[in-house]
Amino acid sequence: MWADTKLLDVRVFDDATKKSVYATQTAKAEKKGESNCPLCALGHDANKSKLWKLIEMDADHVTAWSKGGETNIKNCQMLCKTHNRAKGNR
Ligand SMILES: [Zn+2]
């Protein structure tokens, strides 16, 4: 029963993973003076150096889940909600 539930949730990162990835990304971004959303940091607008709050971001699979990307901390990045939505479920 418990194992079945885990399998169903395998696409979704848990809160501990999200918080950990967020903390790492934000610390690096702060040092570099750029956005903690890696896609915003590549841009040229005002969001280039914006530090998003955890609640303003969503977890994203670096390698898409549909392409065999795993749901673990190594394959997790936090993106701002706009970029996460733009990336969609591909
Ligand atoms: Zn962004």
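The model is a prediction, in which local features require a pLDDT of at least 70 and side-chain atom pairs count only at pLDDT 80 or more, whereas totals for chains, interfaces and linings use all residues. Residue numbers start from 1 along each chain as its sequence is written. The mean pLDDT (the predictor's confidence in each residue, from 0 to 100) is 90 for the protein, and 87% of the residues score at least 70. Confidence is lowest in helix α1 (residues 2–8), with a mean of 55, and highest in helix α2 (residues 15–32), with 98. Where pLDDT is low, the predicted coordinates should not be read in detail.

The protein contains four helices and two strands; helices (H or I, at least four residues) and strands (E, at least two) are DSSP runs, numbered from the N terminus. Along the sequence these elements follow the pattern α-α-α-β-β-α. Of the 90 residues in the protein, 19% are buried. A residue is termed buried if 20 or more other C-beta atoms lie within 10 Å of its own, exposed if 12 or fewer, and partly exposed in between, with C-beta atoms placed from the backbone. Contacts are defined by C-beta atoms, placed from the backbone, that lie within 7 Å. Among the contacts with a separation of 6 or more, 46% join residues 24 or more positions apart.

Helix α2 comprises 18 residues and reaches 26 Å from its first C-alpha to its last, close to the 26 Å expected at 1.5 Å a residue; the expected span is 1.5 Å times one less than the number of residues. The buried residues of α2 are Val-21, Gln-25 and Ala-29. Viewed down the helix axis, these buried residues fall within an arc of 65°, so they line one face of α2; the arc is that of the directions from the helix axis to the C-beta atoms. The buried residues of α2 pack against α3 and β2. On the face turned away from the buried side, α2 carries the exposed residues Asp-15, Ala-16, Ala-27, Glu-30 and Lys-31. Gly-33, which follows α2, has a positive phi, near 70°.

Strands β1 and β2 pair in the antiparallel sense over five bridges, pairing being assigned if DSSP finds at least two bridges between two strands. Within this arrangement, Asp-60 stands opposite Gln-77 in β2. Four of the five residues of β2 are buried, so this strand is largely enclosed by the rest of the structure.

The largest nonpolar core has ten residues, namely Phe-13, Val-21, Cys-37, Cys-40, Trp-52, Met-57, Cys-76, Met-78, Leu-79 and Cys-80. Such a core is a set of buried Ala, Val, Leu, Ile, Met, Phe, Trp, Tyr and Cys residues joined through C-beta atoms within 7 Å. Strand β2 (residues 76–80) provides the largest share of this core, with four residues. Beyond its neighbours within four places in sequence, Trp-52 is in contact with Asn-36, Cys-37, Met-57 and Cys-80. Cys-40, in helix α3, is buried, with 22 other C-beta atoms within 10 Å. Leaving aside neighbours within four places in sequence, the contacts of Cys-40 are Ser-35, Asn-47, Lys-48, Lys-50, Cys-80 and His-83. The C-alpha atoms of Cys-40 and Thr-82 are separated by 9.6 Å, although the two residues are 42 residues apart along the chain.

Several loop positions were also examined. Glu-56 lies in the loop between α3 (38–41) and β1 (57–61) and is partly exposed, with 14 other C-beta atoms within 10 Å. Not counting residues up to four places away in sequence, Glu-56 touches Cys-80 and Lys-81. The C-alpha atoms of Glu-56 and Lys-81, 25 residues apart along the chain, are separated by 6.1 Å.

The loop between β1 and β2 includes Asn-75 and Ser-66. Asn-75 is partly exposed, with 18 other C-beta atoms within 10 Å, and touches His-61, Val-62, Thr-63, Gly-69 and Glu-70 when residues up to four places away in sequence are not counted. Ser-66, by contrast, counts as exposed, with 10 C-beta neighbours inside 10 Å. The C-alpha atoms of Ser-66 and Arg-11, 55 residues apart along the chain, are separated by 9.4 Å.

Technical notes
Two residues are in contact if their C-beta atoms, placed from the backbone, lie within 7 Å.
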